[in-house]
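Here are a few exercises to work through with the model open in your viewer. Try each task before you read its solution.

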Amino acid sequence: MTGTAPVPFTADDYKDRMDRAARQAADAGLAGLLVAPGPDLVWLTGYAPPAVTERLTLLVLAAGREPVLVVPTLEAPDAEKATGAPSLALRDWTDGKDPYALTAALLADRGRFGVSDNAWALHLLGLQQALPGTSYVSLTDALPMLRAVKDAAELERLASAGAAADAAFEEIKSVRFSGRPESEVAADLAALLRRFGHSQVDFTIVASGPNGANPHHEAGDRRIERGDMVVLDFGGLKDGYGSDTSRTVHVGEPTEEERRVHDLVREAQEAGFRAVRPGAACQDVDRAARAVIADAGYGEYFVHRTGHGIGVTTHEPPYMIEGEERPLVPGMCFSVEPGVYLPGRFGVRIEDIVTVTADGGRRLNDTERGMVIVD
């Protein structure tokens, strides 16, 4: 079961994104943007090179100028097929030629450029040598909100990814946990995500008993026992957009303390969700969730931010953390995932993806948040 195919993005969609990125770069005082293969390039153009190699591929964006994609000649036919290609000029280069000289001719010889975070140092150093009067800043620092506000088509894909992750959770509840290694349950989760339409599985955290106190525990050989609390955190990409959800289940009947901590985290997650509204600061979501846990005396055991953005990657700006005063805007999507982690004993995390609406927030995950008992 994979659901219906999403409405494809059009050439106009990609043109609008490139135009918007160039305008935002100019507003930020940048001479332009340099976008290497990766999530930003896919989002801006629809083009993903067949392989990421040492050969330079770079999108050059600047306000008032036609976007240019520099590509190796052997990959130009693939680039020409990208949905966003009609709005681009392609400049190809052959082996033995200097791609940095070609690219430098497209850029101002002075100025500050935004560079996608995953650009290779090899290429950035080559450009610096060709244009010693230029300087560079990462896109996360220069334009952190470039991809943050999703349009209706993007929200549809995120909702579909969230529903697929929810379907995986509903199935995993019925499998046997006790006596099995964490890695086997993690493999079950990965298979379920793919069955429900994910093309890429980014993580399947299965953290049982004391391993649950490590928020980023990698599922291993520990056999899950009756009496264990088990943190499940899983997600990936479906139709190019991310899912990420966490639920904490219990193998057999929990103790009174385990129920109390689980109820506390559920209350904190609800408080964080209710803080979501246009104009609120990102840090307000963190403060709302964290206050619930701190007031109950567990503040030192909530050791991470309350949330992160999600889109064409499963982690991206904005971040729900103290000090992030950027206001929430309708169309932003991010996780709300408070947790309590008791070293050597157990952990609890509950996570939904939330999108900001005109008057509040809407969850993109809707499975049971209360204590779920598994076998």
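**Exercise 1.** This is a predicted model. Find out how far apart the closest N and O atoms of Glu154 and Arg17 are, and which parts the pair ties together.

*Solution.* Step one: pick the closest N and O atoms of Glu154 and Arg17; they sit 3.8 Å apart, and the two residues form a salt bridge. Glu154 belongs to helix 7 (residues 152-172) and Arg17 to helix 1 (residues 11-27), so the pair ties together parts that are 137 residues apart in sequence. Step three: check the cover. Buried means under 20% relative accessible area. Glu154 comes out at 3%, so call it buried. Arg17 is also listed at 3%, so it counts as buried.

**Exercise 2.** Take the salt bridge between Arg266 and Asp263 and work out where both residues lie.

*Solution.* Start with the distance: the closest N and O atoms of Arg266 and Asp263 are 3.2 Å apart. Next, locate them. Both residues are in helix 9 (residues 256-274), three residues apart, or about one turn of the helix. Now the accessibility: Arg266 has 35% and is partly exposed, while Asp263 has 36% and is partly exposed.

**Exercise 3.** Decide whether Arg222 and Glu225 are buried, partly exposed or exposed.

*Solution.* First, the contact: their side chains meet in a salt bridge, at 4.0 Å from N to O. Then apply the cut-offs: under 20% is buried, over 50% is exposed, and partly exposed is in between. Arg222, at 23%, is therefore partly exposed. Glu225, at 45%, lands in the partly exposed class.

Zooming out, the structure holds 27 salt bridges. A network of them links Arg247, Glu270, Arg274, Asp352, Arg363, Asp366 and Arg369.

**Exercise 4.** Search the whole structure for cavities of 30 Å³ or more and describe the lining of the largest cavity.

*Solution.* The search turns up three cavities. The largest has a volume of about 60 Å³. Its lining includes Leu34, Leu56, Val115, Trp120 and His123. Sort the lining by class and you get eight nonpolar residues, one polar and no charged ones. Helix 5 gives the most to this lining, with three residues.

Terms used
Residues numbered from 1 in each chain as written. Predicted model: local features only at pLDDT ≥ 70, side-chain atom pairs only at ≥ 80, totals over all residues. Heavy atoms only, no water. 1 Å grid on protein atoms, 1.4 Å probe; cavity = no way out; pocket = protein on both sides within 12 Å on 5 of 7 lines; lining within 4 Å. Points joined across faces, edges and corners; volume = space filled by probe spheres on them. Helix = DSSP H or I, 4+ residues; strand = E, 2+ residues; numbered from the N terminus. Nonpolar A, V, L, I, M, F, W, Y, C, P; charged D, E, K, R; others polar. Buried < 20%, exposed > 50% of the residue type's maximum accessible area, 1.4 Å probe, protein only.
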